[in-house]
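User: I would like to learn how to read the features of a protein model, one at a time. Please give the general idea before each case.

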Amino acid sequence: MNPDFEVKVHIAKPAATVFQALIAPEHLTRYFLASASESLSPEASVVWAWSAHEKQTLQVLDFIPDQRLTLAWTHSETGYPTEVYIELLIQGEETQVSIRETGWRADAESVHFALRHCAGWNTFLLSLKAYLMHDIDLR
């Protein structure tokens with residue numbers, strides 16, 4: 001069985017506000033990244049950097065404003081690609097954000113990295129919520 005995973009959070013903000021915080025460097029750098037080469041947009045290739053030595057190129061496969069993003073990246077740790085599905089579900093005046101990463105292999109090393117990524121995406125969502133709800137950077 002492949003170690004694919006999903007994490008979710010509810011944020012008391014409209015989907016449009018949440019979506020902008022997911023795609024725009026001026027938001028991403030206030031709660032998660034050191035830099036982003038550009039905003040996520042349809043068919044874009046974007047470099048996310050957490051530090052000067054930790055960078056990752058993302059390919060945007062699907063882009064539906066205020067609803068969904070699909071990203072692909074090849075991990076330096078594993079050498080093979082995975083896909084990240086980010087979905088926004090409007091629930092009244094709140095937005096549920098879910099992130100699912102698929103494509104992991106079932107070997108021990110891949111399971112280890114999948115668990116690290118699951119924790120990383122969970123931190124991402126909690127940081128996104130703290131930023132949008134309270135203007136706090138949890139880093």
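Analyst: Start with exposure: a residue is buried under 20% relative accessible area, exposed over 50%, and partly exposed in between, with a 1.4 Å probe and protein chains only as cover. By that scale R68, at 29%, is partly exposed. This is a predicted model, in which local features need pLDDT of at least 70 and side-chain atom pairs count only at pLDDT 80 or more, while totals for chains, interfaces and linings use all residues. Residues are numbered from 1 along each chain as its sequence is written, and side-chain values use heavy atoms, with hydrogens and water left out.

User: Is A49 buried or exposed, and in which element is A49 found?

Analyst: A49 is buried, because its relative accessible area is 4%. A49 sits in strand 3, residues 45–49. Helices (H or I, at least four residues) and strands (E, at least two) are DSSP runs, numbered from the N terminus.

User: How many salt bridges does a search of the whole structure find?

Analyst: Side chains of opposite charge can pair when their charged atoms come close. The criterion for a salt bridge is a side-chain nitrogen of Lys or Arg within 4 Å of a carboxyl oxygen of Asp or Glu. Searching the whole structure gives 3 salt bridges. One of them joins R30 and D135, whose closest N and O atoms are 2.7 Å apart. R30 belongs to helix 2 (residues 25–31) and D135 to the segment after helix 3, so this pair ties together parts that are 105 residues apart in sequence. R30 is partly exposed at 40% relative accessible area, whereas D135 is exposed at 52%.

User: What are the N to O distances for D62 with R68 and for R139 with D137?

Analyst: For D62 and R68 the N to O distance is 2.5 Å. D62 is partly exposed, with 24% relative accessibility. In the salt bridge of R139 with D137, the closest N and O atoms lie 2.7 Å apart. R139 counts as exposed at 53%, and D137 as partly exposed at 36%.

User: Which residues make the nonpolar surface patch?

Analyst: Patches are built from residues with over 30% relative accessible area and no salt bridge; like charges are joined within 9 Å, and nonpolar side chains (Val, Leu, Ile, Met, Phe, Trp, Tyr) within 5 Å. Accessible areas come from the Shrake-Rupley method with a 1.4 Å probe, and for residues only the protein chains shown count as cover. Here L126, I136 and L138 form a nonpolar patch of about 270 Å². I136 is placed in the segment after helix 3 (108–134) and is partly exposed, at 40% relative accessibility.

User: Where do E43 and D66 lie, and what are their phi values?

Analyst: E43 has a positive phi of about 60 degrees although it is not a glycine. E43 lies in the loop between strand 2 (35–36) and strand 3 and is exposed at 75%. D66, also not a glycine, has a positive phi of about 65 degrees. D66 is in the loop between strand 4 and strand 5 (68–74) and is partly exposed at 29%.
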